[in-house]
Amino acid sequence: MQHESGQQHPVGLYLKIWALLFVLSTFSYLVDYFHFHGYLRWFLIVTFMLLKAGLIVSVFMHLAWERLALVYAILLPPLALLVLVALMAGEADYTASTRNVYFAPAQPAAEKAPQR
Amino acid sequence: MAHLTHSPSEPTGLRSLVADWSADREAFKVPCGKAMMWIFLLSDTFIFGCFLTGYMTERMASPVPWPNASEVFALTIGNAKIPLILIAIMTFVLISSSGTMAMAVNCAYRKDRAKTAALMFATAAFGVMFVSMQAFEWTKLIVHEGIRPWGNPLGAAQFGACFFMITGFHGLHVSAGVIYLLTVATKVLKGRYEESGNYQIVEIAGLYWHFVDLVWVFIFAFFYLW
């Protein structure tokens, strides 16, 4: 067992990851600063987000060096959230369409997002 | 590799997963405290996951345009209006705190008491800085922009509810983390773990702190940048 030694990694590794997180955060800030829009914006935001999350979880939280049993127990259950997201996206779409039909102020028809 | 977690005779890869989970025995061969912290963090993942999903639902279902976060959270520094700058600084502060925390864990395992405590105090200081900036942000939004949980002058009424709920709960986690870190750091400094030589507690506190940083990564992406 590794109880006595614990997680022991070179300091340089942490410094590198730290620097990398800074760079990735700067990139994701620049996405907003340079006003990227549409799919490119979403793609970049999600990519940088996942990279940052991956670095934090695998290196800072040492998940890359944990036993597979623990890794799977931690990483698999949150995937259920994706199902929730899919269900709620469908639900929200439906709510939005009914709101547009019944609650939208009387305006020229087919106005998708009326100003209040 | 310097960090082998398998002994040579044991199965590796997927077989190790099956071997660890099967039969009537311990599944997580890590110290109990660490396994418990991970399970707690997993439950917290679901809490924040549900908050963010709720936010997505509200935003998608709103026929009124969602306020533009880039403009709402802009700050005027000098004469220039810089979008989202405070949030960017908060992000860097939290990442730096994660960095110092990782170093603290490293020092703890080398049994360098003074350095461990110093780095943990630095982490807590970054945490306080983060919460202070959040308090500033909340004040600005409530007092100057008139944003309330039930409505705001900028657009969709649900913006305030989502914002206060999500960032508030995250801020609460940071505040609790600061108290947690200060408690552990004080104990480390006093030599509470010297006798047993077991500094696992620092890594466990570190797990919590990194998780708080992790949640912010998702909030930053989905709430502020989207």
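A residue counts as buried if 20 or more other C-beta atoms lie within 10 Å of its own. Keep that cut-off in mind for this tour of a predicted model.

Start with chain A. Of its 116 residues, 16% are buried. Colour by secondary structure: chain A shows 4 helices and 0 strands, in the order α-α-α-α from the N terminus.

Next, bring up chain B and colour by confidence. Its mean pLDDT is 90, with 96% of the residues of chain B at 70 or more. For the complex, the predictor reports an ipTM of 0.85 and a pTM of 0.87.

Now select the contact between the chains. Chain A brings 54 residues to this contact and chain B brings 48. On the chain A side, at least two residues come from each of helix H1 (11–33), helix H2 (38–60), helix H3 (68–75) and helix H4 (80–102). Select H4(A) by itself to see the largest share, 12 residues. Colouring the chain A side by residue class gives 36 nonpolar, 10 polar and 8 charged residues.

Then go to the largest nonpolar core, which has 73 residues. Select Ala104(B), Met120(B), Leu181(B), Val202(B), Val215(B) and Phe220(B), the members that touch the most others. Two or more core residues come from each of H1, H2 and H3 of chain A, and likewise from helix H2 (32–61), helix H4 (85–109), helix H5 (113–144), helix H6 (158–190) and helix H7 (200–225) of chain B. H7(B) gives the largest share, 19 residues.

Apart from neighbours within four places in sequence, Met120(B) is in contact with Ala104(B), Leu181(B), Val184(B) and Ala185(B).

Terms used
Residues numbered from 1 in each chain as written. Chains lettered and ligands numbered in written order. Predicted model: local features only at pLDDT ≥ 70, side-chain atom pairs only at ≥ 80, totals over all residues. Buried ≥ 20, exposed ≤ 12 C-beta atoms within 10 Å, placed from the backbone. pLDDT = per-residue confidence, 0-100. Contact = placed C-beta atoms within 7 Å. Nonpolar A, V, L, I, M, F, W, Y, C, P; charged D, E, K, R; others polar. Core = buried A, V, L, I, M, F, W, Y, C linked by C-beta atoms within 7 Å.
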